[in-house]
Amino acid sequence: MTDTTPSFRLLPGAPDSPVLLHVPHSSREVPAEVREGIVLGDEALARELDHITDAHTAEIAGVAAASAGVAPWRFVNRLSRLVVDPERFPDEREEMLSVGMGAVYTRTTHRAALRADGFAPAPLLDRYFAPYARAMTEAVAERLAVAGRVVIVDVHSYPTERLPYELHGEGPRPPVCLGTDAFHTPPALLDAAREAFGGFGGVGTDSPFAGTYVPLAHYGRDPRVGALMVEIRRDLYMTEPGGPAGPGAEALGLALAGLVDAVTRGLPG
């Protein structure tokens, strides 16, 4: 990846699709200039990437896009969340700052040092975070203009066993966790997701991870923007940590396609 290559990809779906699959944490790519600011050795960095990456979620979203009756749009981060985490607040509003994992991480999943004390996050925020946020905001606005509504489905995964960085990991860890927002997640969207993922051994809400991602320009303001986070427990589809995908990945992609189809048809108001 060169300096002129965007750190994200917007993959078009059907022109009239209201669905935007957002895949923010699937990549392991760390540019060389960013790697220089990480204090871990190569082996330790590889282990950290095993733990922190939502491995194979881009492929799961790809199966969904190929299988849905009306192809959704996809917004995929091409870089690791160790570069920047596009879903964090870039300021003091972010609660994960308390464990060194704001928009720019300074600690690892096991709370060891990732970057040196005093590391200045501003250059990474300017170079990577701000363009990503702008592009995602524009993608949502474009779907609104064309389709009149948009539903952002965040595609994530999480480890079977709690990692030390998790602030709210003491609760249930169901096979599929659905993160919700009181404003942007209507009950019909939650019901459709529960039905779509009902065949994987259990669906929970907001534990161990809660909330959804909506660009700040729309957050809490525009009811035409729906949002849901889908957190898939990794033992459903891969060898942990950081191993290959198994057949569960395709099955989950087909389930996600079912959710896309339900949203595209229109949820009951």
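Three elements, α4, β4 and β7, each supply at least two residues of the lining of the largest pocket. Among these contributors β4 gives the largest share, four residues. The lining has 39 residues in total, and E87, R88, E94, A210 and T212 lie nearest the centre of the pocket. Its volume is about 940 Å³. A pocket here is an open set of points on a 1 Å grid over the protein atoms alone, where a 1.4 Å probe fits, with protein on both sides within 12 Å along at least five of seven lines; lining residues have an atom within 4 Å of a point. The volume is the space filled by probe spheres set on the points, which are joined across faces, edges and corners. Helices (H or I, at least four residues) and strands (E, at least two) are DSSP runs, numbered from the N terminus.

This is a predicted model, in which local features need pLDDT of at least 70 and side-chain atom pairs count only at pLDDT 80 or more, while totals for chains, interfaces and linings use all residues. Residues are numbered from 1 along each chain as its sequence is written, and side-chain values use heavy atoms, without hydrogens and water.

The strands β4 and β7 belong to an open sheet of seven strands with mixed pairing, in the order β1-β3-β2-β4-β7-β5-β6. Strands count as paired if DSSP finds at least two bridges between them. Because β1 (8-11) and β6 (203-205) stand at the edges with a single partner strand each, one side of each has no neighbour in the sheet. Within the sheet, β2 (residues 19-23) and β4 (residues 150-158) run parallel and are paired over four bridges; L21 has V153 of β4 as its bridge partner.

Helix α4 (residues 122-147) packs on this sheet, touching β1, β2, β3 (73-77), β4 and β7 (225-233), and its direction makes about 175 degrees with that of β3. Helix α5 (residues 187-196) also packs on the sheet, touching β4, β5 (176-179), β6 and β7, at about 30 degrees to the direction of β7. Contact means heavy atoms within 4.5 Å; axes are lines fitted to C-alpha atoms, for helices over the stretch in contact, and angles run from 0 to 180 degrees between N-to-C directions.

The loop between β1 and β2 holds S17. Beyond its neighbours within four places in sequence, S17 is in contact with V70, A71, P72, W73, R143 and A147. S17 has a relative accessible area of 0%, and buried means under 20% (1.4 Å probe, protein chains only).

Definitions and conventions
Buried < 20%, exposed > 50% of the residue type's maximum accessible area, 1.4 Å probe, protein only.
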